[in-house]
Amino acid sequence: MDQEPLIELDGVSFKYDREWVVEDVDLTIHKGQFLGLVGPNGSGKSTLIKLMLGLEKPNRGQIRLFGKQVKKFNRWQEVGFVSQKANSFNSGFPATVYEVVRSGLVSRMNMFQLFKPTHKDKVYEALAEVEMKEYAHYSIGELSGGQQQRVFIARALVSDPSLIILDEPTVGVDSEHVTAFYDLLGKLNRERNLTLLMVSHDIGTITSHATHVACMNKSVHFHGSTEDYHHMDDEDLSGIYGHSVQQLTHNHEVTHP
Ligand SMILES: Nc1ncnc2c1ncn2[C@@H]1O[C@H](COP(=O)(O)OP(=O)(O)OP(=O)(O)O)[C@@H](O)[C@H]1O
């Protein structure tokens, strides 16, 4: 039986100006899934994430988070977000890794509450989960792109979310650390039953780690298990994307497995 739906989009369409950038999207993500959202440049993936997070409002359709209309949703501590721009601190940035992770607790505390000793344990637990505990007192800017993204995962984990949304988090991460990063996400999904939604250009890697895939080009052209995705041939895939898979991976140096 399907687990509880955490994100539900029904007939969602959106335009910034005159042109639709998201068209009639139906998509449900159930608890425990690791969904890879793939599609060509400009196909509306980041916009779809903004709609899910309530940062843009759909022109048509409904979005529910944890069963609630997104505009009425208030359990934001349940939802972590890691963006592609997170890993852009230079070496002079003054915050330590510990402080960055601790800042993930602020949204669940009231303004006048002080950090408690239990919060310290939570920060170290989150850092241990991403194997970065020994870096707690480093400046965030001293770390590599891949290490910084692990810290941002820890920042998202510290408020015990049920869902983490990641928008191309491996941009700027060395290729040799990308696999380890995906392995970490796979482990969090399996061992913590953490639901993950990740936008990725790296079709080969995402489809070998995620449980489900959604292929988007304004609309969602395929949504199913990664197993079903792997059973498709090149012709099916061209049909899904509306053009060749080579075009999809253009500029991103990835290939279909
Ligand atoms: N703030 C904005 N105002 C106007 N148009 C926008 C805005 N943000 C994005 N767009 C346009 O909306 C379309 C979808 O963009 P979006 O960033 O959602 O796609 P994407 O699939 O995430 O792309 P990429 O893979 O290149 O990051 C594009 O044509 C883009 O130029």
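A residue is called buried if 20 or more other C-beta atoms lie within 10 Å of its own, exposed if 12 or fewer do, and partly exposed in between, with C-beta atoms placed from the backbone. The structure is a predicted model: local features need pLDDT of at least 70, side-chain atom pairs count only at pLDDT 80 or more, and totals for chains, interfaces and linings use all residues. Residues are numbered from 1 along each chain as its sequence is written.

The protein has nine helices and 10 strands. These are DSSP runs numbered from the N terminus, where a helix is H or I with at least four residues and a strand is E with at least two. Of its 257 residues, 39% count as buried. Two residues are in contact if their C-beta atoms, placed from the backbone, lie within 7 Å. Among contacts with a separation of 6 or more, 71% join residues 24 or more positions apart.

Helix H4 (145-157) is mostly covered, with 12 of its 13 residues buried. The buried set consists of Gly146, Gln147, Gln148, Gln149, Arg150, Val151, Phe152, Ile153, Ala154, Arg155, Ala156 and Leu157. The expected span of a helix is 1.5 Å times one less than its number of residues. For H4 this gives 18 Å, and the end C-alpha atoms are 18 Å apart, which agrees.

Six strands form an open sheet with mixed pairing, in the order E6-E7-E8-E3-E9-E10. Strand E6 (79-82) and E10 are the edge strands, each pairing on one side only. From one strand to the next, the twist averages 15°. Such angles run from 0 to 180 degrees between N-to-C directions, and axes are lines fitted to C-alpha atoms, for helices over the stretch in contact. Strands of a sheet pair through backbone hydrogen bonds, either parallel or antiparallel. Here two strands pair if DSSP finds at least two bridges between them.

Strand E9 (residues 212-217) has five of its six residues buried, so it is largely enclosed by the rest of the structure. Four bridges join E9 to strand E3 (residues 34-38), and the two run parallel. Within this pair, leucine 37 has alanine 214 of E9 as its bridge partner. E9 also pairs with strand E10 (residues 219-225), in the antiparallel sense, over six bridges. Cysteine 215 stands opposite phenylalanine 222 in E10. One residue lies between the strands of this hairpin, and lysine 218 takes a positive phi near 70°. Elsewhere in the sheet, E7 and strand E8 (residues 195-199) pair in the parallel sense over five bridges. Aspartate 167 has valine 199 in E8 as its bridge partner.

Helix H1 lies across E3, E7, E8 and E9, and runs at about 150° to E7.

Phi of phenylalanine 66 is near 50°. This residue is in the loop between strand E4 (60-65) and strand E5 (68-69). Phi of aspartate 160 is near 55°. Aspartate 160 lies in the loop between H4 and strand E7 (163-167).
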